[in-house]
Amino acid sequence: MPKNILYIMADQMQAGALPMHGGPSIVPNMERLAADGTVFDAAYCSSPICAPSRFSMMTGKLPHKVGAYDNSTEFPSSIPTFAHYLRNAGYRTCLSGKMHFVGPDQLHGFEERVTTDIYASDFTWAADWSQTDEVYSPSSMNPAGAIESGVCARSLQLDYDEEVTHAARRRLFDYARTDRDKPFMMCVSYTHPHNPFIITQDYWDRYEDVDIPSPDVPAIPYEDLDPWAQRYFRTISQDQYQVSQEELMRARRCYYGMCSFIDDQVGIMMKTLEETGFDKDTIVIFTSDHGEMMGERGSWYKFNPYEPSVRVPLIANIPDVEQPKREARAVSLMDLFPTFLDIANPGTPQELAEPLDGQSLMPMLTGQDTTRKDEVIVEYMAEGVYDPAIILRRDGMKYIHCGDDPGLLF
């Protein structure tokens, strides 16, 4: 029987915040997952914004090929997802948590969804493109999320994510009580550590004696920013807010606390696999839909082509398989679709209704792939740009192209 799949997804988690990438976050459960698995050092989202990244990940296609332009884009039911293919391969498919589906279809191939989404499924997120006094789309995001960061008693996001864990855990016990000969694919998707940066006292206190680092790249004066960064500066109204050093460091401490909260949820899910006896037959994959600037370059949130925004954590753990501990070549969230197909049909090529842009990670995870190119493409077509943007990461270099902007090479 093919192995089960537990796919855990955070929201807006910066890879550099985690200790496996040099960050200070206290995440022992993720570290245990990584110790027996593979850590991808150069994993990237397909677009640094929620809905397009998720639509691309679920379809294995670049965002523009599924019309995923911004957070108000409807996700068409006609496009096959990995959930459709896995159901066809005999898997029970379950979604617990956020996926930011826009439109009437809130399943997209999942057999069941055991929680609602945290956001509306309508077109609330549509930007006012009729605004003509600026060349960019305005955003409701602003630095208040950093300025107002701090300790809370409870929050909507805490309530939601705890329900996501509870519902997923309950369904795993249901699976254990029924037909254990049928594999499952469970996606457990959280909304932390997405802003606002608020966390409870116990998570705040975990970082009492931790040296919270300042941003690697401090704030850059507006006049020295590249055109994209200048537009984004105005898009999120940074000209109307001034984030002090104290507020910046408080927001970063809250963010790390939010990462620790997610780590505790990962720990609960791993313990549930053990309690149900699924731990020896379940591949666990952990990632995020995109990153978070967290004050780097003086910027916040996502919508940017820079590493804190587009690079994501990616850990894969296959039980009873000797895996490479780290993988330096660039990979994409689009690669998860064909990876899941390889898990469901080991050794058998899957006939596809449409070609995919992603490539399976399984040869890399089993140490058999030595020919894959170190290359990944990221797209962006939402707030802060006036033309579609293309970001190419190849052989340790990254080129950013957006309309008439001067090209950026890192």
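How many aromatic pairs does the rule give? The count comes to 21 aromatic pairs, where rings of Phe, Tyr and Trp (its six-membered ring) pair if their centres lie within 6.5 Å. Planes under 30 degrees apart count as stacked, those over 60 as edge-to-face and the rest as tilted. The model is predicted: local features need pLDDT of at least 70, side-chain atom pairs count only at pLDDT 80 or more, and totals for chains, interfaces and linings use all residues. Residues are numbered from 1 along each chain as its sequence is written, and side-chain values use heavy atoms, with hydrogens and water left out.

Phenylalanine 82 and phenylalanine 110 form an edge-to-face pair, 6.2 Å centre to centre with 90 degrees between the planes. Phenylalanine 82 lies in helix H3 (residues 82-88) and phenylalanine 110 in the loop between E4 and E5, so the pair ties together parts 28 residues apart in sequence. Helices (H or I, at least four residues) and strands (E, at least two) are DSSP runs, numbered from the N terminus. Phenylalanine 82 is buried, at 0% relative accessible area. Phenylalanine 110 is buried too, at 1%. Buried means under 20% relative accessible area, exposed over 50%, and partly exposed in between (1.4 Å probe, protein chains only).

Phenylalanine 184 and phenylalanine 278 form another edge-to-face pair, with 5.0 Å between centres and 75 degrees between planes. This pair links distant parts of the chain, 94 residues apart: phenylalanine 184 is in strand E7, phenylalanine 278 in the loop between H8 and strand E9 (282-288). Phenylalanine 184 is buried at 0%, and phenylalanine 278 at 4%. One aromatic cluster is formed by Tyr7, Phe82, Tyr85, Phe110, Phe337 and Phe340.

Charges also sit over rings (NZ of Lys or CZ of Arg within 6 Å of the ring centre and within 35 degrees of the ring normal). The charged end of arginine 253 is over the ring of tryptophan 204, 4.0 Å from its centre. Arginine 297 lies over the face of tyrosine 306, 3.8 Å from the ring centre.

Histidine 194 is placed in the loop between E7 and E8. At 6% relative accessibility, histidine 194 counts as buried. Its side chain makes a polar contact with that of glutamine 12 (3.2 Å). A polar contact is a pair of N or O atoms within 3.5 Å; within protein, one must be able to donate a hydrogen and the other to accept it, and residues adjacent in sequence count only if both atoms are side-chain atoms.
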